Number of protein chains: 2
Amino acid sequence: MTERLVVIGGDAAGMSAASQARNRRDSDDLRIVAFEKGEHASYSACGIPYLVGGQVPDAQALIARRPEVFRDELDIDLRLRSEVTEIDLDRRTVAVCDHRDGRRYREPFDQLVIATGGLPHRPDLPGAKAGGVYGVQTLDDGVALLRALETGRPRSAVVVGAGYIGLEMAEALLRRGLEVSLVDAGEQPMGTLDPDMGSLISDALRALGVKVVLGESVEGFSESGGRVTAVHTGSRSMQADLVVLGLGTSPNTALAEAAGVPVGDTSGIRTDRRMRTAIEGIWAAGDCVETFHLVSRRPVAIALGTHANKQGRVVGINIGGGYAGFPGVVGTAVSKICEYEVARTGLTTAEAAEAGFETVEETVKSSTRAGYYPGAREMRTKMIADRRTGRLLGAQIIGQEGAAKRIDTLAVAVWHEMTVEEMTGLDLSYAPPFAPVWDPVLIAARKTAERVERLGGQG
Amino acid sequence: MTERLVVIGGDAAGMSAASQARNRRDSDDLRIVAFEKGEHASYSACGIPYLVGGQVPDAQALIARRPEVFRDELDIDLRLRSEVTEIDLDRRTVAVCDHRDGRRYREPFDQLVIATGGLPHRPDLPGAKAGGVYGVQTLDDGVALLRALETGRPRSAVVVGAGYIGLEMAEALLRRGLEVSLVDAGEQPMGTLDPDMGSLISDALRALGVKVVLGESVEGFSESGGRVTAVHTGSRSMQADLVVLGLGTSPNTALAEAAGVPVGDTSGIRTDRRMRTAIEGIWAAGDCVETFHLVSRRPVAIALGTHANKQGRVVGINIGGGYAGFPGVVGTAVSKICEYEVARTGLTTAEAAEAGFETVEETVKSSTRAGYYPGAREMRTKMIADRRTGRLLGAQIIGQEGAAKRIDTLAVAVWHEMTVEEMTGLDLSYAPPFAPVWDPVLIAARKTAERVERLGGQG
């Protein structure tokens with residue numbers, strides 16, 4: 001008998017799961033229906049800031065696989081603008097609303113993949129629904145903002161939220177020639193970095209011409225004729241022809257929770273290593289799940305396309321009859337704001353303390369290439385190590401071209417619980433166009449190891 | 001009583017050892033004399049091609065630490081143009097010839113660091129000593145070649161040897177506007193890569209306008225008036241206003257061997273993990289030693305500044321009273337020839353076979369950034385895995401800007417004996433300016449894992 005697989009959510013996690021399952025099982029064996037409530041499936045949400053900024057010519061460029069490819073080449077019945085409104089675990093059906101014609105129907109399943117993604121935080125404040133206030137969660141959001149930029153001739157923008165997406169949007173709006181303000185309730189941009197590294201980013205943003213307002217919460221928006229005109233914090237008002245909300249997301253678990261699929265303390269759906277939920281035949285992947293942090297050994301919910309793709313692949317292999325597991329994360333992330341590159345992996349100093357580590361930290365200034373080689377750029381590498389053992393717990397990089405991708409080397413070191421002393425012996429590549437003779441990673445490891453040697457174990 | 005440390009060789013390994021020892025022991029406790037037979041100490045030999053090519057403005061830029069710094073700040077008695085001609089282990093002295101005035105004397109030591117570097121291969125062929133035939137081993141060599149380029153107006157050059165240094169010199173000479181031929185006895189450039197990857201480099205070199213002659217050994221040089229005019233192989237003659245020899249080096253162990261310090265089968269000086277030779281109080285580091293390959297588990301002699309620096313540091317820490325070890329290498333290397341980046345780590349397919357592995361290989365084409373992001377460049381990543389276990393044994397990268405430094409991530413994976421399947425879960429950084437959503441490293445790991453799954457264990 002043909003098994004029926006239903007996938008809720010047509011982006012990275014859902015469509016990776018569907019594609020992998022199809023690779024391993026043919027249509028006679030597995031029928032696949034995927035529901036996507038929006039206009040677009042299988043696109044790069046992370047590319048939206050570059051669409052808005054103009055580096056990417058049009059929205060189509062962000063589509064990884066066109067809907068026809070799923071239908072024609074993979075025999076996956078992808079239904080766009082089709083929203084799942086309920087999961088019925090007893091009857092093994094989902095309720096669907098087709099927004100193209102308003103039709104409602106039920107679709108039966110044997111196995112179900114929940115890939116409902118993240119729900120953007122939208123502040124419940126006066127004026128938050130005015131015209132000119134944009135989220136940048138979906139490609140539809142990005143297209144709407146792009147249209148506003150091209151037709152509305154805005155001159156000033158306020159970006160609310162100074163995380164990765166907020167910073168990337170600030171760059172995009174700078175590129176469009178707007179006056180840009182960036183507001184965040186925290187005392188630093190990039191709350192996922194240590195404060196000393198975050199403050200380097202504040203400096204860089206200001207040097208780029210961004211008005212950076214930290215430690216102030218947005219309390220409301222003024223509007224005129226239904227369109228936003230200003231953003232207010234407790235202590236100031238900022239004129240705004242448009243507002244971009246970059247406040248992050250939470251796991252979108254309303255459907256799962258209503259059906260009784262257990263979620264964890266992070267509010268993400270709980271799964272095991274194979275991405276199975278607690279309910280037989282129900283899988284989950286992507287921004288809607290929680291995963292395991294290999295350093296803190298705690299569940300975390302991290303919304304990143306790269307995890308969504310991997311988890312989706314794992315689900316698809318398992319549904320396809322193979323065996324795969326998602327091992328967890330070490331918290332790696334990277335971003336770029338104009339010429340500045342920022343990256344992190346592992347735990348910050350505060351996260352390490354919260355997880356019960358006493359730490360030693362060291363920050364070193366070094367160069368992306370041999371100092372004498374053209375194009376050498378300054379970079380700073382911070383390491384956070386366990387004070388007793390010298391184990392690398394986390395690392396952060398801020399620098400210019402060629403700096404940030406070194407975080408991958410550090411991520412693999414964190415993954416393997418290397419000590420900073422062990423890391424000083426790593427056989428990393430060297431040639432003058434690529435690194436100084438001591439790669440910045442090795443210099444940071446040396447300096448941190450020396451600090452551990454001095455301070456370590458004293459108690 | 002003040003202990004006496006003598007260091008033979010004033011470049012990376014020797015001066016790292018001296019500096020580290022000084023950091024840990026002051027002048028009353030340890031007297032340090034370092035002998036360097038050339039004009040320059042503590043310079044970046046790897047930077048010579050960029051000096052010749054004009055990217056680096058002058059030889060001074062390649063000097064990491066000026067001789068005065070060693071004398072004045074570190075109280076290290078660095079003696080330039082002073083050649084050690086004998087090590088007398090019984091009397092614990094070295095014999096020195098001061099080339100500035102011809103004076104010969106003996107210097108006593110309690111501890112001795114042998115950092116005599118590599119000896120460039122110079123073919124014993126007719127005409128090999130003609131004017132216009134240059135090595136590029138020392139900074140003095142580089143300066144001499146530079147002078148020849150600036151004053152002699154050469155128009156054609158032949159580079160003998162298509163390894164890293166040969167390719168880098170070919171680029172340098174192209175940049176100087178010369179017609180460049182590259183000759184190698186092997187069937188591919190970069191013999192440290194697999195043939196399929198090496199042939200991509202041949203293609204790239206030819207596209208850059210280099211005449212690439214492979215599989216032909218140089219049999220001699222014509223000269224006229226004491227200057228080289230042509231290079232001859234068995235089947236052709238190439239006009240040459242100058243010749244650059246890039247034939248690699250062997251460990252320079254004449255002094256050590258004459259004194260009875262044991263060398264290994266690789267012809268490098270044998271040391272333990274702390275870089276102690278078999279003789280009490282005699283240490284060795286840098287291009288003159290052999291080290292341990294962590295994948296083949298065999299001794300290897302690899303001449304690289306990065307190893308020399310690390311080994312020198314280890315010697316210095318140990319002489320300084322600390323404890324440090326050099327763990328071995330995984331064979332990482334990187335190079336750049338015009339816009340092409342080349343990197344490798346671990347074992348090649350042939351090296352793996354020789355070490356007793358049956359392998360599975362996979363090469364994937366991917367992109368340095370998200371395909372839609374400006375500046376995305378093509379790159380190829382090859383992985384070599386153990387057929388039975390899927391353990392990553394080696395990897396090679398060829399690509400354009402942003403490709404090659406990913407080798408470090410792979411080097412750490414090889415270091416930790418990761419399987420390619422494990423690697424598919426690695427938490428590597430992703431953002432469109434830095435990588436596609438599946439980093440090339442992850443794509444290659446996936447594809448190789450799939451191949452291992454198909455082929456693995458059969459047999």
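1. Start in chain A: Glu362(A) and Arg451(A) join their side chains in a salt bridge, 2.9 Å from N to O. For this note, a salt bridge puts a side-chain nitrogen of Lys or Arg within 4 Å of a carboxyl oxygen of Asp or Glu. The two residues come from distant parts of the chain, 89 residues apart: Glu362(A) belongs to strand S23 (residues 359-367) and Arg451(A) to helix H12 (residues 440-455). Helices (H or I, at least four residues) and strands (E, at least two) are DSSP runs, numbered from the N terminus.

2. A word on what you're looking at: this is a predicted model, where local features need pLDDT of at least 70 and side-chain atom pairs count only at pLDDT 80 or more, while totals for chains, interfaces and linings use all residues. Residues are numbered from 1 along each chain as its sequence is written, chains are lettered from A and ligands numbered from 1 in the order in which they are written, and side-chain values use heavy atoms, leaving out hydrogens and water.

3. Back to that pair. Glu362(A) is buried at 16% relative accessible area, whereas Arg451(A) is partly exposed at 27%. The cut-offs are under 20% for buried, over 50% for exposed and partly exposed in between (1.4 Å probe, protein chains only).

4. Chain B has a salt bridge between Arg4(B) and Asp110(B), with the closest N and O atoms 3.3 Å apart. Arg4(B) sits in strand S1 (residues 3-8), and Asp110(B), 106 residues away, in the loop between strands S6 (104-108) and S7 (111-114). Arg4(B) is partly exposed at 28%, and Asp110(B) is partly exposed at 22%.

5. Another one in chain B links Glu417(B) to Arg297(B), at 3.4 Å between the closest N and O atoms. Here Glu417(B) is partly exposed at 36%, but Arg297(B) is exposed at 53%. Over all chains, the count comes to 54 salt bridges.

6. Now the sheet. Five strands of chain B form an open, parallel sheet in the order S9-S16-S10-S11-S12; strands count as paired if DSSP finds at least two bridges between them. At the edges are S9 (133-135) and S12 (211-214), each pairing on one side only. From one strand to the next, the twist averages 20° (axes are lines fitted to C-alpha atoms, for helices over the stretch in contact, and angles run from 0 to 180 degrees between N-to-C directions).

7. Inside that sheet, four bridges connect S10 (residues 156-160) and S16 (residues 242-245) of chain B. Val158(B) has Val243(B) as its bridge partner in S16(B).
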